[in-house]
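Q: Got a model open and want to go through one residue and its surroundings. Can you take my questions as they come?

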Amino acid sequence: MVASPRFWSRVRRSPCVVRVQRTAVAWRSTLLFLGLITWAVGLGSGCGLTGRISDGSPQPGTGGHGALDAAFDSGGGNQPGTPPTPTPDADSGPTACRSSVTCTGGQVCLGAICQADPCASGGAATCGAGKSCRAACVAVVNRCASVKCPDQETCVDGACVPGCFSIPCAGVTCSDGQHCDSGTGKCVATNDCDGQCPAGTVCHLTCSVPSSCVGVKCPTGQSCSGGRCLDDPCAGINCAAGSVCNGGACVDTCSCAGGCGSAGRCVEGRCQCTPTCPADGSKAGMDNGCKGTCACASGSKLYQGACCKAQCPIDGTCGGSDGCGGTCGCTGGGGVKCYGGQCCVPQCPADGGKGGMSDGCGGTCGCAGGSKLYLGACCKAQCPIDGTCGGSDGCGGTCGCTGGGGVKCYGGQCCVPQCPANGGKGGMSDGCGGTCGCAGGSKLYLGACCKPQCPIDGTCGGSDGCGGTCGCSGGNGVKCYGGQCCVPQCPADGSKGGMSDGCGSTCACGTGSKLYQGACCKPQCPIDGTCAPPTAAAAAAAAPTGPSASAAFAARAPARPPAVAARPASTAPARPASARSIGSRAGAPAAIRATAASAGVAWPTE
């Protein structure tokens, strides 16, 4: 079906809005085609379909484009589901960014958009020489206040991310004109600046010493530290969500070996826990929630499962029980000690005049400073000052060397080892009968300094080239298993107790439990201080009974030796009757015969 000439003339006369006055009912199938013609005419004649909202503002989440721009772009050159590429024309709005590298024209990435650098408008002048200015958007509201994250996730800037991380500013509220420093978790004054920041944040200027790594480009497998390129053990390692690379191994930030207790939480591989113990000591001896035990109130101590306050006499006697499992001592200081059941003050003059004599309290008086007790009297060591050493000091000792710096006695003379700090003489003589050490990071191997070489790809167990074996680093229980660094996978609640940790070992049980017959078991004992060994009745109850008792007893008894042929009469002397009776069934000890009888087993006779 073809449209009439009159319709086409009306389309040409109305560049913005096409009004169709008469349309045949049979043309309904062409409505979609007519709509497309109308859009094409309007777009070509500048009717204003630019893909923006009425006020021209960019729409959030579209990289500076309006809602329609994003829709059109997503159907064009961009991949489905990806933000449209910002265009450089003046009407495109701010350019989205992740770092200032993508910004042009002297702009910086601030608040996730490229914009003029606030430091360029006078902010840098306030920092002074030797420091650089930097603008940042800092939070002034707690975006995580109403966010509840699932287990093993952490709220960061209002969003839940996988992993257990430390957020210093969590729960910190600052007054007006301040914000929480994310590095220290403390409130600091906000240095306002002229920058566009997202809702809930403000522009803040900081001054800092420029990094020594600015402008340093390191090769693959290395990273800059202190202005130098160093081997990066985490280069090329991709860890699962919630894990971070540490020393070449992926570490689960939510996993702490052995757990953190019922009140604790594993954060970045370390336990964070606050004990739940009342100040009055009412939970003394009970679990404190942090894999420990609650203590008693001040002045008391735990004794037989309860808090006990020691009771000691005040009449100067000592050595008796304090009623809490301890012994009463002496108080008052001044070296008072218990002697013969009484508190005693040693009688020794300060000048050492009674050195080696009784102090009146069962001990001996010491000597004055610079002297020592030798052969029952005070003796002052006498050593030469000419640098010789090794001789007697006259008081039973040997004269050494003074002066520090590693000086030692060698061949009767004080000697200073000659070893350069750079380890250049590692393995060689130090001139004093010893050997020079190696520089940091190296060790002595086969008479020379050797620097261990280990892979950074997470493998382990091989030689380090210096007589040792390459292990794993990173802490958190990382160990070598099957030639790979492995992080044990054991939940903190002990729910995998007795099961494999994935690294060749077994997961431990939670606090207060222990592994028993392949599963975690929590001992159940009375808390009233009572205890009892197994009774005879309990032993009898545990013994097998019924028709199978004989078989059960026989299974536990040692097998009888097979019959042997008759041997010629022995010339050895006959055993004593007592020995024969012990070895015979009829002479079996009464305890064994009683046990057999209680199990329903008939004890045979000779």
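Q: Which residues is Thr190 in contact with, leaving aside its neighbours within four places in sequence?
A: Gly177, Gln178, His179, Val202, Cys203 and His204. Contact means heavy atoms within 4.5 Å.

Q: How should I read the model and its numbering?
A: The model is predicted; local features need pLDDT of at least 70, side-chain atom pairs count only at pLDDT 80 or more, and totals for chains, interfaces and linings use all residues. Residues are numbered from 1 along each chain as its sequence is written, and side-chain values use heavy atoms, with hydrogens and water left out.

Q: What joins the side chains of Thr190 and His179?
A: A polar contact of 2.8 Å. That term means a pair of N or O atoms within 3.5 Å; within protein, one must be able to donate a hydrogen and the other to accept it, and residues adjacent in sequence count only if both atoms are side-chain atoms.

Q: Why does Thr190 count as buried?
A: Because its relative accessibility is 15%. The cut-offs are under 20% relative accessible area for buried, over 50% for exposed, and partly exposed in between (1.4 Å probe, protein chains only).

Q: Where is Thr190 placed?
A: In the loop between β7 (187-189) and β8 (201-208). Strands are DSSP runs (E, at least two residues), and helices are H or I runs of at least four, numbered from the N terminus.

Q: Zooming out, how many helices and strands are in the protein chain?
A: Seven helices and 28 strands. Of its 606 residues, 20% count as buried.
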